[in-house]
There are 2 protein chains.
Amino acid sequence: MNPDRAGDAVAQRAVRREELLDAADRVICRDGPAASMAQIAAEAGITKPILYRHFGDKGGLYVALTERYTGRLLVELRTALDSGQDRRDRVERTVRAYLGSIDADREVYRFLTRSDEGLPAHSHVLSFRRRLAGLLADGIAVELGVPASRASAWAHGIVGMVESAGDWWLESRTLTREELVTELSDLLFGAYAGAGSPSGTGPGPSLPLG
Amino acid sequence: MNPDRAGDAVAQRAVRREELLDAADRVICRDGPAASMAQIAAEAGITKPILYRHFGDKGGLYVALTERYTGRLLVELRTALDSGQDRRDRVERTVRAYLGSIDADREVYRFLTRSDEGLPAHSHVLSFRRRLAGLLADGIAVELGVPASRASAWAHGIVGMVESAGDWWLESRTLTREELVTELSDLLFGAYAGAGSPSGTGPGPSLPLG
DNA sequence: CCAAGGGGTTACCGCGGGTAACAGCGTCGC
DNA sequence: GCGACGCTGTTACCCGCGGTAACCCCTTGG
């Protein structure tokens with residue numbers, strides 16, 4: 001076609017790749033995370049072997065998609081983590097950002113959390129969790145001056161806490177997003193320790209459970 | 001063979017079912033959670049259609065396995081939740097029990113946590129999480145006198161926190177189990193709130209600042 | 001002796017991941 | 001100009017796995 005210069009070949013390829021990922025994105029947003037390669041190819045207006053030439057196998061495509069999604073999410077969370085005036089504020093902003101993201105597109109969320117074991121993409125999701133937890137752990141270690149082992153354990157715990165609560169929230173919807181942000185932040189900030197806690201209702205009788 | 005009486009037929013069937021589940025258990029423990037029906041059948045010394053006669057489809061088999069596994073785990077966690085002298089003690093016992101269980105058989109753990117979306121077993125795993133979180137939420141609501149919405153949010157968060165930290169722990173092994181129990185309990189009991197105020201009950205494990 | 005029925009098998013279908021082989025087409029070297 | 005190359009695209013296929021239909025054989029009971 002155009003007298004494109006030499007180096008453009010690789011750029012062209014990259015562009016195509018993004019287009020294919022766009023197609024996969026559309027299919028997954030429309031039909032859920034169990035999309036087949038043929039479906040994705042059809043959505044892109046081509047056939048399977050092309051997908052395989054670009055991504056190797058289904059795992060490769062899913063890894064690429066996972067990178068795209070987690071990249072966006074990580075940026076949002078990072079900025080939230082870096083903003084705010086004090087620790088409490090930062091925590092609330094970050095939790096809010098996470099809940100907002102997973103709420104914005106549930107199919108993508110399902111794609112990320114329920115991706116098949118076996119597919120390499122899954123290990124990539126894990127690595128995203130690790131990166132996120134690593135960010136958190138660094139922040140905690142610096143901010144609180146606790147040893148790395150403690151910071152890591154806490155970071156992974158916190159990530160799972162928000163993830164699991166978010167999962168439940170998406171399905172039950174018994175709280176507003178802002179309420180959940182408050183609940184989780186309270187939990188993190190020691191509301192569970194003492195019975196009488198901030199922002200909540202209530203006295204604090206700590207009766208032992210039988 | 002033996003002149004077994006009439007009602008034994010159904011009992012016999014139940015026994016057989018358990019044997020088949022045993023076989024599936026063995027395969028999954030040996031080869032991981034991606035076992036095929038033919039593999040499981042071979043392990044049981046039979047062929048596929050028999051499995052299908054007993055469990056309907058792969059989902060049915062996996063649901064049965066999931067029930068078996070989660071049943072055991074739920075019993076352990078329930079007793080841990082009901083034991084102990086104070087809240088801190090109960091939390092530690094429960095976290096310890098959970099970590100011990102997932103450590104005892106990692107393939108089973110992977111089977112439970114990474115079971116395929118799509119397969120009905122996955123929703124069964126989710127319902128296990130919900131049951132567990134429900135138990136926790138009840139305990140929290142009673143013990144702390146907080147409203148149900150707060151108790152539920154916290155419960156799901158706590159379940160996810162322990163699960164995620166446990167996941168990380170299984171792979172990294174940078175802590176002993178007992179250390180992780182302490183870290184998570186500290187986190188729950190407000191150690192994150194103030195840098196220098198660790199746990200709830202008594203002196204507790206002081207921050208080994210390092 | 002002959003049905004009934006349940007445990008067991010083989011042989012097959014459909015579908016999805018993955019691949020080989022081939023077809024058009026623009027570019028490069030001679 | 002012309003063949004060699006490389007890239008995009010295709011069709012048609014293989015294989016493994018979930019799931020099933022049809023059949024086999026042995027026991028039970030009238």
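The model is a predicted one, in which local features need pLDDT of at least 70 and side-chain atom pairs count only at pLDDT 80 or more, while totals for chains, interfaces and linings use all residues. Residues are numbered from 1 along each chain as its sequence is written, chains are lettered from A and ligands numbered from 1 in the order in which they are written, and side-chain values use heavy atoms, with hydrogens and water left out.

Around DNA strand D there are 14 residues, of which A:Thr47, A:Arg53, B:Lys48, B:Tyr52 and B:Lys58 come nearest, a residue being near a strand if one of its heavy atoms lies within 4 Å of it. Of the atoms of DNA strand D that come within 4 Å of the protein, 44% belong to sugar and phosphate. At least two residues of this surface are supplied by each of α1 (8–31) and α3 of chain A and α3 of chain B, where helices (H or I, at least four residues) are DSSP runs numbered from the N terminus. The surface near DNA strand D comprises 6 nonpolar, 2 polar and 6 charged residues, with Ala, Val, Leu, Ile, Met, Phe, Trp, Tyr, Cys and Pro counted as nonpolar, Asp, Glu, Lys and Arg as charged, and the others, Gly among them, as polar.

Sugar and phosphate make up 50% of the atoms of DNA strand C that come within 4 Å of the protein. Phosphate oxygens of DNA strand C lie 2.5 Å from a side-chain N or O atom of B:Thr47, 3.4 Å from one of A:Tyr52, and 2.9 Å from a polar backbone atom of A:Met37. Two or more residues of the surface near DNA strand C come from each of α3 (48–55) of chain A and α1 (8–31) and α3 (48–55) of chain B, and the residues of this surface divide into 7 nonpolar, 2 polar and 6 charged.

In chain A, helix α8 (residues 148–172) has 25 residues and reaches 36 Å from its first C-alpha to its last, close to the 36 Å expected at 1.5 Å a residue, the expected span being 1.5 Å times one less than the number of residues. Because 20 of its 25 residues are buried, α8(A) is largely enclosed by the rest of the structure; buried means under 20% relative accessible area, exposed over 50%, and partly exposed in between (1.4 Å probe, protein chains only). The buried residues of α9(A), including A:Leu180, A:Val181 and A:Glu183, pack against α5 (87–104) and α8 of chain A together with α8 (148–172) and α9 (177–188) of chain B, contact meaning heavy atoms within 4.5 Å.

A:Arg173, in the loop between α8 and α9 of chain A, has a positive phi of about 55° although it is not a glycine, and A:Arg173 is partly exposed, with a relative accessible area of 40%. B:Arg173 is placed in the loop between α8 and α9 of chain B, with a positive phi near 55° and a relative accessibility of 39%.

Technical notes
Polar contact = N/O pair within 3.5 Å; in protein donor to acceptor, adjacent residues only side chain to side chain.
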